[in-house]
Amino acid sequence: MRKSKEKPYGPFLERLMSEKSKLLSQAQAFAQMGLTETAQPLWRSAASLEERIAPRLDALGRSREAALHRISAATCHRNAGQFSQAANLFQGALAGPLSEPTRADVEKFLEECLAELETSSRSRSVVAM
Amino acid sequence: MRSVRQSIERLDSWYPSLFVEPHVVAAVAVLSDYSESPANFELQSGNVPQLEEFAGEMRLDLSWPRSLETKAERLRATMQRSPLVELAATAVALVAARRVLDLGRLEVTSYGDRADFRSPQRRAVLEVSGTEVAGEFLRRHREKVAQATENPFGWDAYVVVCLFSAQGHRIRLSHHECSEGSNA
C-alpha cells in the first residue's frame, strides 16, 4: 500500500532508475564472474546515477527509498575503491528514516569503509615518503 | 496441474533494464549438465496469492537453444561452481518473477555485499538463491526468508530458491509480509 504523501516516480526518474539498474546488474554480474577490473567503471557510473536518484526521491516524499539509494551509491563507490565518497554517502544515509536493523548495517558498512580509507591513506603516505 | 513452458532466451526482452546475459548462459551451463532442453522444475509455493488456486501443483519447463550451449561450456570452464549456480538460480527466478508472479519491471540496488531486486509496481523485494545440494534446499529457503522479511525497504518479499538436482529440479517460492510493516 502506497503512503499518501508519496508521489509517483514519473518518467524521468524511471528512466534514471532503469539506466542505473542496467549498469549495476552488469557490475554485479562481472564481479560475480571474477572480472573485477571490468566491473570498476560500471560501479562508478552506477554510483553516480544513484546519487542523482536519491534527492529526486526525497522530493517525492520517498525518504526511506532515498536513503536506500544513498546506501546503494555508497556501496558502488566502495566497490570501485572510492572510499571517501562512500563514507560521505553512508553518513548521508544515516540521516534518513532507516529501520533499526538497516541503521546497524549501515553503521557497520561506514566503520569498514573508514578503516579501508585509513589503510589506503597510510599506504599513500608510505609511497610519498 | 498447471504447466508453464518457457524459453530462457526471453529474459533479455522482458527485462531491458537488467543485464541478464550471464545469468541466462549460467542457467544453460548448469541445466545442460543434468539433461537436454527442456529442464523440468517442480514448483512448490507457500502463501503466494497469485498461486492459491494451483497449490502445490505447478511445473515449469525451461528450454534453451543449442546455440547457447557453446557459450555455456566456456562459462562453465571459467567460473567456480557456486557463483555459477547463483547466477543460474537468478535466471530461473527471473522467469518465475515474470511468468508466475507477474512482478513487472524489476529494479536493482546494491546493499553491502549483495544486489537486491525489487518490484516498484508491487512494492515487493525479490530474494533469490540456488543450490545443487538437496539437503541445503530448505535451510537456504529459511535463511532467505529471514533476510527478506527484514529487507531495508520495509516492503513485502518474494523468496525464490532453486534446487538443481539429478533427482529432479525444484523451485520453492513464497510470499512474506515484512516484519516492519509499511514504508517509513
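Helices here are DSSP runs of H or I with at least four residues, and strands are E runs of at least two, both numbered from the N terminus. The model is predicted: local features need pLDDT of at least 70, side-chain atom pairs count only at pLDDT 80 or more, and totals for chains, interfaces and linings use all residues. Residues are numbered from 1 along each chain as its sequence is written, while chains are lettered from A and ligands numbered from 1 in the order in which they are written.

**View 1. Leu110(A) and its surroundings in chain A.** Let's start with Leu110(A), which is found in helix α5 (residues 100-128) of chain A. A residue is called buried if 20 or more other C-beta atoms lie within 10 Å of its own, exposed if 12 or fewer, and partly exposed in between, with C-beta atoms placed from the backbone. Leu110(A) counts as buried, because it has 20 C-beta neighbours inside 10 Å. Two residues are in contact if their C-beta atoms, placed from the backbone, lie within 7 Å. Leaving aside neighbours within four places in sequence, Leu110(A) is in contact with Ala87(A), Phe90(A) and Gln91(A). Its C-alpha atom is separated by 9.2 Å from that of Ala74(A), 36 residues apart along the chain.

**View 2. Helix α3 of chain A.** Helix α3(A) covers residues 63-79, and its end C-alpha atoms are 24 Å apart. That agrees with the 24 Å that its 17 residues should span at 1.5 Å a residue, the expected span being 1.5 Å times one less than the number of residues. Of the 17 residues of α3(A), 17 are buried, so the helix is largely enclosed by the rest of the structure. Gly81(A), which follows α3(A), has a positive phi near 80°.

**View 3. Where chain B meets chain A.** Here 26 residues of chain B are in contact with 29 residues of chain A. On the chain B side, α2 (21-31), α4 (81-99) and β4 (107-111) each supply at least two residues. Strand β4(B) gives the most, with 5 residues. Also in this view, helix α1 (residues 11-32) of chain A lies across β4 and β5 of chain B, at about 55° to β4(B). For such angles, axes are lines fitted to C-alpha atoms, for helices over the stretch in contact, and the angles run from 0 to 180 degrees between N-to-C directions.

**View 4. The open sheet of chain B.** Eight strands follow one another in the order β1-β3-β2-β8-β7-β6-β5-β4, with mixed pairing; two strands pair if DSSP finds at least two bridges between them. Strands β1 (2-7) and β4 of chain B stand at the edges with a single partner strand each, so one side of each is left without a neighbour in the sheet. Neighbouring strands are turned by 25° against each other on average, direction ignored. Within the sheet, β5 (residues 114-119) and β6 (residues 124-131) of chain B run antiparallel and are joined by 3 bridges. Phe117(B) has Leu126(B) as its bridge partner in β6(B).

View 5. Most residues other than glycine have a negative phi, and most peptide bonds are trans. The peptide bond from Ser37(B) to Pro38(B) is cis, with omega near 0°, and Pro38(B) is found in the loop between α2 and β2 (39-46) of chain B. In the loop between β2 and β3 (58-63) of chain B lies Asn47(B), whose phi is positive, near 60°. Asn47(B) counts as exposed, with 11 C-beta neighbours inside 10 Å. Arg123(B), in the loop between β5 and β6 of chain B, also has a positive phi, near 50°. Arg123(B) is partly exposed, with 16 other C-beta atoms within 10 Å.
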